[in-house]
Amino acid sequence: MEQITVYAFPVFLLLMLVEIGYGLAIGRNTYRLSDALASLSQGLLSQLVASVSMLFQIGLYALVWRHLALLPHAALWATPWGWLLAIVMFDFCDYWLHRVGHESAVFWAAHAVHHQSQHFNLSTALRQESTVAFLGWPFYLPMALLGVPPAQFALAGLIVLLYQFWIHTEHIGKLGWFDKVFSSPSNHRVHHAVNDQYLDKNYGGMLIIWDRLFGTFIEEDEAPVYGTRTPLNSWNPLWAVASGYAPLWQLARRAPRWQDKLKVWFKAPGWLPYGLGDNSPAFDLQRARKRYNPLLTRVAMLTALWQFVLQTVVAAAFLWQSDALSPLLLWGFVLLQLAGLVGLGRLLQRECSALHLLLLDALLLLLGIVVYYA
């Protein structure tokens, strides 16, 4: 799976360049450098975290399949119909995980990373969550119980995930009958919007029929405003991941009753325990249109691009051989890559200079050589 992902890297890059070129040609560019790099950094981070958390990615699924599957060796799974069924089943399970990701606070804390960008383009598609797998693995166990082999489960998931790449764009309008059956750019723009009528709608990854069946579908009408209702206002990759959990932890500490300290995590986002008032300002759609955008010098922008390209190449090489690496090397390279991504975020926020980031790169390169040959 990691090698398939590496093959997809240049395809993603080419399609993003096409989208940028088309946007510039028609005078409607939907990209901003800092935002795109922050989203792509989250994509890299999610792949790095996945490489050291295979127990949750597929290990627990394989364990259940091995010991509890009803039809683990059925001939069906090797047929085209079996593959189609596995993909549809994965999409159905993913709908419910996605829905819970909006309706339960701790799941939203994990999933919100994907929604933090205030832009909607192909780079947003790659802004993947790093911690959802730790919470979401039970949602796919019905597939294991029915007997879908682990490798087939993993590939079905990859197919559903790759499908969703192209629907993150503002340059494709409504598609008629296609919008009624499949997840499409129009349907998914609604899902990423913070407009009142669009909240918690259109969860389908590949098929939108689940939303139509379970009452969560709405058609795109008003122009969407993207992001989260509490803006992230940061390019720090670690804070992007932690920002959803920190308020829940603080709220749980403040809750006077022990049962509320637990409920905080599983109730709907925004739920408050008895006795705690809400002092946050009311949501203002006009205020949400204002985008976080620290200005950068040309040198800083070129350095940021160089940093991300360098880290992508290193990450691709790492993922290509990650299955053969020892745990020490796995964790060593993940931590070094994380340090580089944090440095990139600090540069984008003007918290360090281009020179400081290049010096950090040199130090990380030296540490990487030490870790590899240790």
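Visitor: Which residues line the second largest cavity?

Guide: This is a predicted model, where local features need pLDDT of at least 70, side-chain atom pairs count only at pLDDT 80 or more, and totals for chains, interfaces and linings use all residues. Residues are numbered from 1 along each chain as its sequence is written, and side-chain values use heavy atoms, with hydrogens and water left out. On a 1 Å grid over the protein atoms alone, a cavity is a set of points where a 1.4 Å probe fits but cannot get out, and lining residues have an atom within 4 Å of a point. The lining of the second largest cavity consists of Gln-116, Gln-118, Val-194, Tyr-226, Gly-227, Thr-228, Pro-231, Leu-232 and Ala-288.

Visitor: How many charged residues does that lining have?

Guide: Ala, Val, Leu, Ile, Met, Phe, Trp, Tyr, Cys and Pro count as nonpolar, Asp, Glu, Lys and Arg as charged, and the others, Gly among them, as polar. The lining of the second largest cavity divides into 5 nonpolar and 4 polar residues, and charged residues number none.

Visitor: What volume does the largest cavity have?

Guide: A volume is the space filled by probe spheres set on the grid points, which are joined across faces, edges and corners. The whole structure holds 4 cavities of 30 Å³ or more. The second largest cavity has about 50 Å³. The largest cavity has about 80 Å³.

Visitor: How does the lining of the largest cavity divide by class?

Guide: Arg-32, Asp-35 and Arg-127 are among its lining residues, as are Gln-116, Gln-118 and Leu-232. By class, the lining of the largest cavity has 3 nonpolar, 5 polar and 3 charged residues.

Visitor: Which element gives the most to the lining of the second largest pocket?

Guide: A pocket is an open set of points with protein on both sides within 12 Å along at least five of seven lines. The second largest pocket holds about 1,600 Å³. Of its 50 lining residues, Trp-108, Arg-229, Thr-230, Pro-269 and Gly-270 are the closest to its centre. Elements giving two or more residues are α4 (80-103), α5 (105-111), α16 (285-288) and α14 (245-254), and the most, 5 residues, come from α14.

Visitor: Is α2 roughly parallel or roughly antiparallel to α18?

Guide: Helices are DSSP runs (H or I, at least four residues), numbered from the N terminus. Axes are lines fitted to C-alpha atoms over the stretch in contact, and angles run from 0 to 180 degrees between N-to-C directions. Helix α2 (residues 33-51) and helix α18 (residues 327-348) pack at about 165 degrees, with axes 10 Å apart. Angles under 35 degrees count as roughly parallel, over 145 as roughly antiparallel, 65 to 115 as roughly perpendicular and the rest as oblique, so α2 to α18 is roughly antiparallel.

Visitor: How many nonpolar residues are in the contact of α2 with α18?

Guide: Contact means heavy atoms within 4.5 Å. Leu-37, Leu-44 and Leu-48 of α2 are among the contact residues, as are Leu-330, Val-334 and Leu-341 of α18. Beside 4 polar and no charged residues, the nonpolar count is 10.

Visitor: Is the crossing of α3 and α9 left-handed or right-handed?

Guide: Helix α3 (residues 54-68) meets helix α9 (residues 150-163) at about 140 degrees, with axes 9 Å apart. That angle makes α3 oblique to α9. A crossing is left-handed if the near helix is turned anticlockwise from the far one by less than a right angle, and right-handed if clockwise. The crossing of α3 and α9 is right-handed.
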